[in-house]
Amino acid sequence: MRTNILDIQKLKDRGERIPMVTAYDYTSAQMADRAGIPMILVGDSLGMVVLGYDSTVHVTLDDMIHHIKAVVRGSRQALVIGDLPFLTYTTVDQAIQSAGRIMQECGAHAVKLEGGAEVAPIVRRLVNLGIPVMGHIGFTPQSVHQIGTRVQGKTSSGAARLIDDALALEAAGAFGVVLELVPAPLAREITTHLRIPTIGIGAGVHCSGQVQVWHDMLGLYSDFKPRHAKRYASLVETVEAALQTYATEVREGTFPGAEHSARMDEAELQAALSQSTAGKP
């Protein structure tokens with residue numbers, strides 16, 4: 001049975017930590033699902049780790065829809081959340097159109113958007129229309145050119161603003177809030193003051209759950225390693241070694257072997273040659 005936002009709230013209420021990962025295609029969604037991950041985020045981080053951009057700013061709604069569809073097809077149990085990309089929710093009407101496409105065309109179960117109190121009216125309207133919304137505050141990657149890549153909320157005024165942002169998102173009906181690059185003590189306080197789950201990334205252990213980028217945690221992305229990412233595997237070395245072995249075997253003629261090749265009765269082959277122009281002098 002598919003996980004829903006009520007199930008996620010129950011995990012929070014029971015004090016169970018909530019794991020979430022990003023995924024961007026059918027195969028990774030299958031693996032995350034089989035691993036029992038209850039929430040999959042199709043993040044606009046695909047701009048860097050899949051599409052090769054230098055930020056999420058370049059990702060379009062069509063890019064997101066393409067990948068969200070694949071993840072929904074690959075999962076059977078997880079709650080799939082699709083990111084609303086840069087400049088696709090600048091007004092309530094635009095947000096409805098963008099979120100509607102993600103829900104209707106992709107079959108996603110929720111959307112995520114960045115921002116605090118300033119986007120609360122948009123969150124409220126989407127929720128009233130039946131679209132579950134996850135918030136995202138702290139470091140918001142779509143604002144990288146404005147705020148840089150750095151921890152947010154280290155000053156008293158900045159921390160107070162983030163607390164108020166989280167409370168505004170909850171009041172607007174968000175079912176959860178991502179806290180990215182937020183000091184751990186502040187993330188603890190925000191989590192304490194919210195009824196809904198907080199999902200941390202670079203925000204310490206006191207959040208209700210954690211999210212990691214697929215390519216970071218599996219060691220598949222070598223351009224940059226975030227401080228907050230833990231590598232649970234180093235698959236880039238494994239994959240590159242496998243590719244090198246494959247290339248060597250092809251060059252040496254040791255692949256494919258007989259076990260990788262289809263057989264044919266020799267008499268049938270000779271009969272075919274006699275019937276074709278290749279078999280005639």
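This is a predicted model: local features need pLDDT of at least 70, side-chain atom pairs count only at pLDDT 80 or more; totals for chains, interfaces and linings use all residues.
Q: How many of the residues of strand β1 are buried?
A: Strand β1 spans residues 18-22 and is mostly covered. Buried here means under 20% relative accessible area. Of the five residues in β1, the number that are buried is four.

Q: Which residue in β8 is the bridge partner of M20?
A: Strand β1 pairs with strand β8, residues 209-212, in the parallel sense. The pairing runs over four bridges. In β8, the partner of M20 is V211.

Q: What is the count of nonpolar residues in the lining of the largest pocket?
A: The largest pocket holds about 870 Å³ of space. Its lining has 36 residues, with F139, E180, F224, P226 and H228 nearest the centre. Eleven lining residues are polar and eight are charged. The nonpolar count is 17.

Q: Which element gives the most to the lining of the second largest pocket?
A: The second largest pocket has a volume of about 250 Å³. Among its 16 lining residues, G138, T140, R161, L162 and D165 are the closest to the centre. The elements that give two or more residues to this lining are β5, α7 and α8. The one that gives the most, with four residues, is α8.

Technical notes:
Residues are numbered from 1 along each chain as its sequence is written. Side-chain values use heavy atoms; hydrogens and water are left out. Buried means under 20% relative accessible area, exposed over 50%, partly exposed in between (1.4 Å probe, protein chains only). Two strands pair if DSSP finds at least two bridges between them. On a 1 Å grid over the protein atoms alone, a cavity is a set of points where a 1.4 Å probe fits but cannot get out, and a pocket is an open set with protein on both sides within 12 Å along at least five of seven lines; lining residues have an atom within 4 Å of a point. Grid points are joined across faces, edges and corners, and a volume is the space filled by probe spheres set on the points. Ala, Val, Leu, Ile, Met, Phe, Trp, Tyr, Cys and Pro count as nonpolar, Asp, Glu, Lys and Arg as charged, and the others, Gly among them, as polar.
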